[in-house]
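The model is opened below.

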Amino acid sequence: MFNRLTFLVKVAVTSLVLLCACTSIDCPLDNVVECTYALYDSKSKAPMQLADTLTVSTVKADGADTILLNRLVGCRDFALPMRHVSGADTLLFRLSNTWQQHAVDTVIIAQEAVPYYEDLDCPASIFHTLISAKAISHQPSATSPVTIDSIIITRPQVTYDNIENIRIYMHASY
Amino acid sequence: MLLISVLPLSAQGTKAPSDTRPESQGKHAPRFTVTFDLAGAVMCAATDWGQYEIGLKARVHERWYGALELGIGCADATDANTSLHYTTRAPYGRIGCDYNFLRRTDTGHRLYGGLRVAYSPFAYDISGPDIEDPVWGGNTPFQYADVKSHALWGEAVVGLETYIWRFVRLGWTVRYRVKCSEKKQDIGHAWYIPGYGKGKDHFGGTMTIGFEF
């Protein structure tokens, strides 16, 4: 009888240890949700490095401007936040060069915002599903010879993953 | 650690105990055992999640047992850091078989391995603080009620059972679980699946008291 009780105590302790010993937090290390844009040459369809300086801004709900990307030089790709409300995000791409030439193209991204949680340990965040993308480009001229030629969605799901979501084809008239 | 617990039972299993073994053993051994999961009930009452589970085990051959387990899984958890709150209460069921590995089957002790197939249709509520938009401003509410889902999974079971008094048995299992399918909603995977445990875990277990007849 004593051996059996000893055995049962061992079983109880072992099971408690096995059930309670392991705990972990599985939050992603990169928990920022951003849409990733990549730049391509409209003629060769190859990835390109932008020689101009790029600044991206938008208009907030209260009507004030805010800069999302400030004077990025020599970029091949970049990531921008998205609005937490479903609808169209309007982004102003300002291209400028060393000759003080500049122009503004407008990018409009229609998206659906979806709240998401990874675990109770991790704060909830907003994922997005891209619906459409279009660009309103300026005419290449003396103001700025580089412009957005076209824009396509390559991966509609905007999540924690920093994978190319939108491909922007740039056109240079020089 | 598992071996430490297993070895004493194996040793016991090779010799017939002389104390509280029931009168009817061997080929006249009881054919049915009804079990209740003590650990799951304690967890359900005292921790964030657990389950109330009863099981029926039937001896279909000298070493083979059929197993049916039915229960209600419950979760009521709030994370202190994120304030996310998750609740559910839903049924589940498992069916499978066990094989007794002990050389002598007339001792009443069992060291067994088995397999289960399990399923749970469930719905859960999850809520948390509003999500603030740091760029455009404004808040998005995070309140979802009656989010419906279901899960199908398999379990590999290793367990021990012994008599503690006449027809009363105490048992213990460790289970490795693998999800075969789960209906995922847009807001994410279920944090807790009734009968499975936390959605990202694979290991679980039970401690049962059983009545043999």
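These entries cover aromatic pairs, a cluster and charges over rings.

Entry one, the count. The model is predicted, and I kept that in mind throughout. I looked up the aromatic pairs over all chains and found 19.

Entry two, a pair in chain A. I took A:Tyr37 and A:Phe93, whose ring centres are 6.3 Å apart. Their planes stand at 65 degrees, so I noted the pair as edge-to-face, the cut-off for that class being over 60 degrees. I then checked where the two residues lie in the chain. A:Tyr37 belongs to strand 1 (residues 35–41) and A:Phe93 to strand 5 (residues 87–96) of chain A. They are 56 residues apart, and the pair links distant parts of the chain.

Are these two residues buried or exposed? A:Tyr37 has 1% relative accessibility and therefore counts as buried. A:Phe93, at 2%, counts as buried too. The limit I applied was under 20%.

I found B:Tyr99 and B:Phe101 paired edge-to-face, with 5.2 Å from centre to centre and 70 degrees between the planes.

Entry four, a cluster. Which residues form one aromatic cluster? I listed B:Tyr86, B:Phe122, B:Tyr124 and B:Trp191.

I found the charged end of B:Arg169 over the ring of B:Tyr163, at 4.4 Å from the ring centre. The charged end of B:Lys179 sits over the ring of B:Tyr196, and there I noted 5.4 Å to the centre.

How values were computed
Residues are numbered from 1 along each chain as its sequence is written. Chains are lettered from A and ligands numbered from 1 in the order in which they are written. This is a predicted model: local features need pLDDT of at least 70, side-chain atom pairs count only at pLDDT 80 or more; totals for chains, interfaces and linings use all residues. Side-chain values use heavy atoms; hydrogens and water are left out. Rings of Phe, Tyr and Trp (its six-membered ring) pair if their centres lie within 6.5 Å; planes under 30 degrees apart count as stacked, over 60 as edge-to-face and the rest as tilted. Helices (H or I, at least four residues) and strands (E, at least two) are DSSP runs, numbered from the N terminus. Buried means under 20% relative accessible area, exposed over 50%, partly exposed in between (1.4 Å probe, protein chains only). A charge sits over a ring if NZ of Lys or CZ of Arg is within 6 Å of the ring centre and within 35 degrees of the ring normal.
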